[in-house]
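Me: I have a structure open and would like to talk it through with you. Could we begin with the overall picture and then turn to individual residues?

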Amino acid sequence: MNKIFLKNYIFSYNGVCNYLNILYKNNKERIEKICIGKTSFGYDIDCYKIGKGKKHVLLFALTHGSEIVTTYFLLEFMTTLLKEASLKEILEKYTFNLIPILNVEGFIISSS
């Protein structure tokens, strides 16, 4: 899978969800998807766990609606963690808990 850097894609909320679903389906043995809550409008807030280490790292994006670039960063980071064989040792020591869209409604408003 190629890098998804901003110069190649501008995502809508549905576009990000589609990309995350593809990433999850293609890597089910290496990624765990957990719904950690719902927004006030009923959207899922999903967390993706990658790695099996004892040390946990939490990364979340889009706390504020105008910070959509953080979601793109997290998508790139997730893709890199899953695709780069050289990171295998890191994934044995660490578990990455990644929340690509914390403020779903803010993302929808900012990206429309």
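Me: What share of the residues in the protein is buried?

Reply: Of the 112 residues in the protein, 38% are buried. Please keep in mind that this is a predicted model.

Me: How many helices and strands does the protein have, and in what order do the elements run?

Reply: There are four helices and four strands. Starting at the N terminus, the order is α-β-β-β-α-α-β-α. The radius of gyration is 14 Å, close to the 13 Å that the globule rule gives for 112 residues, so the protein is as compact as a globular protein of that length.

Me: What does the C-alpha trace span along its principal axes?

Reply: The C-alpha trace spans about 40 × 30 × 20 Å along those axes.

Me: How much of the contact set comes from residues 24 or more positions apart?

Reply: Among contacts with a separation of 6 or more, 70% are between residues 24 or more positions apart.

Me: Changing topic: how many salt bridges does the structure hold?

Reply: The structure holds two salt bridges. One of them pairs Lys33 with Asp46, where the closest N and O atoms are 4.0 Å apart. Lys33 is in strand β1 and Asp46 in strand β2 (residues 44-51), so this pair ties together parts that are 13 residues apart in sequence.

Me: What does Asp46 touch, apart from neighbours within four places in sequence?

Reply: Asp46 is in contact with Lys33, Ile34, Cys35, Leu98, Ile99 and Pro100, once those neighbours are left aside.

Me: Which residues meet in the salt bridge between Asp44 and its partner, and at what distance?

Reply: The side chains of Asp44 and Lys38 meet there, at 2.4 Å from N to O. The pair is also joined by a polar contact of 2.4 Å between the side chains. Asp44 is partly exposed, with a relative accessible area of 32%, whereas Lys38 is exposed at 55%.

Me: Where is Lys38, and what surrounds it?

Reply: Lys38 is in strand β1 (residues 31-38). Not counting residues up to four places away in sequence, Lys38 touches Tyr43, Asp44 and Ile45.

Me: How far is the C-alpha atom of Lys38 from that of Phe107?

Reply: The C-alpha atoms of Lys38 and Phe107 are separated by 15 Å, and the two residues are 69 residues apart along the chain.

Me: Let us move to helix α4. Which of its residues are buried, and what covers them?

Reply: The buried residues of α4 are Val104, Glu105, Gly106 and Phe107. Their cover includes α1 (13-26), β2 and α2.

Me: Which backbone nitrogen lies 3.2 Å from a polar atom of the Glu105 side chain?

Reply: The backbone nitrogen of Phe41 lies at that distance from the Glu105 side chain. Phe41 is also one of the residues in contact with Glu105, along with Thr39, Ser40 and Tyr43, leaving aside neighbours within four places in sequence. Glu105 itself belongs to helix α4 (residues 104-111).

Me: One last point. What is the phi of Leu62, and where does Leu62 sit?

Reply: Leu62 has a positive phi of about 60 degrees, although it is not a glycine. Most residues other than glycine have a negative phi. Leu62 is placed in the loop between β3 (55-60) and α2 (68-83).

Me: Is Leu62 buried or exposed?

Reply: Leu62 counts as buried, because its relative accessibility is 1%.

Note on methods:
Residues numbered from 1 in each chain as written. Predicted model: local features only at pLDDT ≥ 70, side-chain atom pairs only at ≥ 80, totals over all residues. Heavy atoms only, no water. Helix = DSSP H or I, 4+ residues; strand = E, 2+ residues; numbered from the N terminus. Polar contact = N/O pair within 3.5 Å; in protein donor to acceptor, adjacent residues only side chain to side chain. Contact = heavy atoms within 4.5 Å. Buried < 20%, exposed > 50% of the residue type's maximum accessible area, 1.4 Å probe, protein only. Rg over C-alpha atoms; globule rule 2.2 N^0.38 Å.
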